[in-house]
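Student: Could we go through this structure together? I am new to it and would like to start with the strands.

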Amino acid sequence: MKLALALAAGLATTPALACGPGIPVTVDGLQLAYRIEPAAAVGRMVAVEVATCDGLALDGFDARMPIHGHGLNYRPRIAATGPGSYRIEGVLFHMPGPWQFVFDVRAGETARRLTADLTIRR
């Protein structure tokens, strides 16, 4: 299951989940919310703030362009900033078009992958 999103030069205000503000991603009852700061644009280094719900832990992150079969040119760094709160730095969209965020999460011993589709415009 995927959440399709369209992002232009700015990030629209979106409703908050109980776990935090941002764009919600929900798969099989697992939830997180993310926001991009500053607004996503080609050639701009951004950070992704992630808030997880119900004790969900963020174990990994990637961004890729499924149509082109490649990901980012740089490896992002994940830092926990509090309980259920993470900051991912070093995200650089080097091309416009459809991208996919991939969040590797863990609930206890169960690992899952949550994805969110977005479009980066020039």
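Tutor: We shall take the sheet, then the aromatic rings, then the cysteines.
Tutor: Please note that this is a predicted model, in which local features need pLDDT of at least 70, side-chain atom pairs count only at pLDDT 80 or more, and totals for chains, interfaces and linings use all residues. Residues are numbered from 1 along each chain as its sequence is written, and side-chain values use heavy atoms, with hydrogens and water left out.

Student: In what order do the strands of the open sheet come?
Tutor: The order is S2-S3-S4-S8-S7, so 5 strands form this open sheet, with antiparallel pairing. Strands are DSSP runs of E of at least two residues, numbered from the N terminus, and two of them pair if DSSP finds at least two bridges between them.

Student: Which are the edge strands?
Tutor: They are S2 (23-27) and S7 (77-82), each of which pairs on one side only. From one strand to the next, the twist averages 25°; axes here are lines fitted to C-alpha atoms, and angles run from 0 to 180 degrees between N-to-C directions.

Student: How many bridges join S7 to S8?
Tutor: There are 5 bridges between S7 and S8 (residues 85-92), and the two strands run antiparallel. Arg77 has Glu89 in S8 as its bridge partner, while Ile78 has Ile88.

Student: And what lies between S7 and S8?
Tutor: The two strands form a hairpin with 2 residues between them. Gly84, in the turn, has a positive phi of about 70°.

Student: New topic: how many aromatic pairs are there?
Tutor: A search of the whole structure finds 7. Rings of Phe, Tyr and Trp (its six-membered ring) pair if their centres lie within 6.5 Å; planes under 30 degrees apart count as stacked, over 60 as edge-to-face and the rest as tilted.

Student: Why is the pair of Tyr34 and Phe101 called edge-to-face?
Tutor: Their planes stand at 70°, with the ring centres 5.2 Å apart, so the pair is edge-to-face. Because Tyr34 lies in strand S3 (residues 30-37) and Phe101 in strand S9 (residues 97-107), the pair ties together parts that are 67 residues apart in sequence.

Student: Are those two buried or exposed?
Tutor: Both Tyr34 and Phe101 are buried. Buried means under 20% relative accessible area, exposed over 50%, and partly exposed in between (1.4 Å probe, protein chains only). Phe101 counts as buried because its relative accessibility is 0%.

Student: What about Phe93 and Phe101?
Tutor: That pair is stacked, because the planes are at 25°; the ring centres are 6.1 Å apart. Phe93 is also buried, with a relative accessible area of 0%. Ring pairs link Tyr34, Phe61, Phe93, Trp99, Phe101 and Phe103 into a cluster.

Student: Now the cysteines: which two form a disulfide?
Tutor: Cys19 and Cys53 do, with their sulfur atoms 2.1 Å apart. A disulfide is a pair of cysteine sulfur atoms within 2.5 Å, and by this rule the count comes to 1. The link is left-handed, with -55° about the S-S bond.

Student: Where do Cys19 and Cys53 sit?
Tutor: Cys19 is in the loop between strand S1 (3-4) and S2, and Cys53 is in the loop between strand S4 (45-52) and strand S5 (57-65). The pair thus links distant parts of the chain, 34 residues apart. Cys19 counts as partly exposed at 23% relative accessibility, whereas Cys53 counts as buried at 8%.

Methods: Helices (H or I, at least four residues) and strands (E, at least two) are DSSP runs, numbered from the N terminus.
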